[in-house]
Amino acid sequence: MTDRLAQLSEAGVSIWLDDLSRERLNSGNLAGLIRDKHVVGVTTNPTIFANALSKGAAYDEQVNDLAARGADLDGTVRELTTTDVRNAADLFRDVYNATNGVDGRVSIEVDPRLAKDTDKTVAEAKDLWKTVDRPNVMIKIPATEEGLPAITAVLAEGISVNVTLIFSVERYEAVIKAFFAGLEQAKANGHDLKGIHSVASFFVSRVDSEVDKRLNAIGTDEAKALLGEAAIANARLAYAAFEKLFATDQWKALAEAGANAQRPLWASTGVKDPAYSDTRYVDQLVVSDVVNTMPEKTMDSVADHAEITGDTVSGKGEQAQAIFDKLSAAGIDVPDVFVTLETEGVEKFEKSWQELLDTVTGQLNKARG
């Protein structure tokens, strides 16, 4: 039987699960995915935590304990989420050691309500790093305008960072430059660059969702011919930008000092349009030294029927740019697409965080009778 997930790993793609819950940890599900499905990391976000805490009784014992100790709402949420991340980090410790820190990573996001506040994002990131207290955690910081200097400042403290909510190649290039600046400051601060790792989470499926909606509204034959083309082209352009900037003298100097490259991470890889192949954001984005973080449903689809045919990204930059030229010609305001996606991305996580707070409020009230 063909092990397609093994093929994906062998092609240089690190498979991370885009989900975490106390139930996954307690049931042995996550340990099974590490053992059987080549999973070498986990990402979390406010939506994932909101879903996890709203289902079942896995958190009841800890909530009851925190309620009895008089913990407030924010403190309870911090304790619940960091406990899951710490336990997952321990589960991945062998992978972390075996890969010299490249994989075996667990990501946790700063409070999304801070996405427009640089200083508070930095403070929150440092506090999360200290609270989880595991070398294989990554702190997720959004790639908003205000997030960019926060990324630099947090890396400068020697903290590993997962940059999230990247939609445009232009913003991705700014993220890489913020990464370089952070490493240069970390080196000046006396940190060992070998111990700092980072990924840049470039969102995929949401790009097709937004662009396809606009193409259908335009409704011309030229527009409809471009349905489903934008997201993969955008990711391939991002990889071309990665290759360009990680070939510069600035990066070479950092690499000589022991720095690890910031790997591209394909995020939002679950396919939202049933008209499309449910593995397209995996098998069409295969290239060495990237991460693909996927929901378990997508992982199962890849294991069942993906066609892993080797590198499907390198050398496709010009072809990808031609697609964007056609999108512009068809009437798509490409810069507005990315502004819309970033704004919606932050709003969705803020909404999920509020749902998480509401759920935990209800649980604390119940525990206190």
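1. In this predicted model, helix α6 (residues 73–91) and helix α18 (residues 334–368) have axes that come within 10 Å and cross at roughly 105 degrees. Since angles of 65 to 115 degrees count as roughly perpendicular, α6 is to be described as roughly perpendicular to α18.

2. On the α6 side, the residues that meet α18 are Leu-73, Asp-74, Thr-76, Val-77 and Leu-80, and their partners in α18 are Trp-353, Leu-356, Leu-357, Val-360, Thr-361 and Leu-364. By class, the residues of this contact of α6 with α18 divide into 8 nonpolar, 2 polar and 1 charged.

3. Helix α13 (residues 230–245) packs against helix α17 (residues 317–329) at an angle of about 130 degrees, the two axes lying 8 Å apart, and this pair is therefore oblique. The crossing in which α13 passes α17 is left-handed.

4. The α13 part of that contact consists of Ala-230, Ala-233, Asn-234, Arg-236 and Leu-237, while α17 contributes Gly-317, Gln-319, Ala-320, Gln-321, Ile-323, Phe-324 and Leu-327. Sorted by class, the contact of α13 with α17 has 7 nonpolar, 4 polar and 1 charged residues.

5. Leaving aside neighbours within four places in sequence, Gly-228 is in contact with Asp-208, Asp-212, Tyr-276 and Arg-280. The C-alpha atoms of Gly-228 and Ser-209, which are 19 residues apart along the chain, are separated by 8.3 Å.

Definitions and conventions: Residues numbered from 1 in each chain as written. Predicted model: local features only at pLDDT ≥ 70, side-chain atom pairs only at ≥ 80, totals over all residues. Heavy atoms only, no water. Axes fitted to C-alpha atoms, helices over the stretch in contact; angles between N-to-C directions. Helix = DSSP H or I, 4+ residues; strand = E, 2+ residues; numbered from the N terminus. Parallel < 35°, antiparallel > 145°, perpendicular 65-115°, else oblique. Contact = heavy atoms within 4.5 Å. Nonpolar A, V, L, I, M, F, W, Y, C, P; charged D, E, K, R; others polar. Left-handed = near helix turned anticlockwise from the far one by under 90°.
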